[in-house]
Amino acid sequence: AGCGKSHLLHAIANHVSAHAPLKRFILTTGQRFADNLFEAIRDKKLSLFRYLYRQSDLLILDDADILMTRDWAQLELLETFYDLRKHGRQLVLASRANLTADPRCASKLRDALQSGVVAGFGDYSVEAKLALVSRKKGGIELPQELLTYLVRRCGDRVSDLLAVLQQVSVLAIHGEREITHEVVEDFIRVCGVETSDDAADVQESGAKRADHAHSNRSAKRASR
């Protein structure tokens, strides 16, 4: 989670829109797929549901792991996959974990998924995260050292990192407070971010720098 899979799915959709504007695609989530299917079964409109989902040239489904708790939704997804493949159409899924390794995944659906391309996502490197936050902040002035601290303090979820970055950026735009490590820590707590494994070392380093800065300010006040 938070590794960028949703961004990748949106990039696929944007590419299709730009380079194949006549192609029809659906970009949705596993939750919405299950909700729409439930409503179709309840209201006896299953034919309409199948028409909407199977007539697209590309079905893009994010957070598909939600379907693992609904065997009837797995069956419908499998039949949708068969129909799309029969007509030369495509299905793209993304999930928090490998669905083919999930014991709740139906065997036929597992076989269908394994017949395609299954790609795993690794964690972002520190360098990649720094490049991302530098691009996302745009022209907002934030010290590189502070961005490095932010990246190292946040865990592996890119969505958490960007949430804290947005909070810091808005504060920097308004210029109401100096952006310090303590401010970053406050926003990390507010956003409920789980810190990385090396968080203790980073926090200790930040605390030392903060104490040093505080001592310098106190010394300057005393000299006056």
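**Reading charges and surface**

A: Glu-76 counts as buried because its relative accessibility is 5%, where buried means under 20% relative accessible area, exposed over 50%, and partly exposed in between, with a 1.4 Å probe and protein chains only. This is a predicted model, in which local features need pLDDT of at least 70 and side-chain atom pairs count only at pLDDT 80 or more, while totals for chains, interfaces and linings use all residues. Residues are numbered from 1 along each chain as its sequence is written, and side-chain values use heavy atoms, with hydrogens and water left out.

Q: What is a salt bridge, and how many salt bridges does the structure hold?

A: A salt bridge is a side-chain nitrogen of Lys or Arg within 4 Å of a carboxyl oxygen of Asp or Glu. The structure holds nine salt bridges.

Q: Which side chain meets Arg-54 in a salt bridge?

A: Arg-54 meets the side chain of Glu-76, with N to O at 2.8 Å. This pair links distant parts of the chain, since Arg-54 lies in helix α3 and Glu-76 in helix α4, 22 residues apart; helices (H or I, at least four residues) and strands (E, at least two) are DSSP runs, numbered from the N terminus. Both Arg-54 and Glu-76 are buried.

The side chain of Glu-76 also forms a salt bridge with that of Arg-50, at 3.0 Å from N to O. Here too distant parts of the chain are linked, with Glu-76 in helix α4 (residues 71-86) and Arg-50 in helix α3, 26 residues apart. Arg-50 counts as partly exposed because its relative accessibility is 33%.

Q: Where in the chain do Asp-57 and Arg-24 lie?

A: Asp-57 and Arg-24 form a salt bridge whose closest N and O atoms are 3.8 Å apart. Asp-57 is in the loop between α3 (46-54) and β2 (58-62), and Arg-24 is in the loop between α1 (5-19) and β1 (25-29), 33 residues apart. Asp-57, at 21% relative accessibility, counts as partly exposed, and so does Arg-24, at 44%.

Q: Which residues are linked with Lys-5 in a network of salt bridges?

A: The network joins Lys-5 with Asp-62 and Asp-63.

Q: Which residues make the nonpolar surface patch?

A: Phe-38, Ile-41 and Trp-72 make this patch of about 300 Å². Trp-72 is placed in helix α4, and at 35% relative accessibility Trp-72 counts as partly exposed. Patches are made of residues with over 30% relative accessible area and no salt bridge, like charges being joined within 9 Å and nonpolar side chains (Val, Leu, Ile, Met, Phe, Trp, Tyr) within 5 Å. Accessible areas come from the Shrake-Rupley method with a 1.4 Å probe, and for residues only the protein chains shown count as cover.
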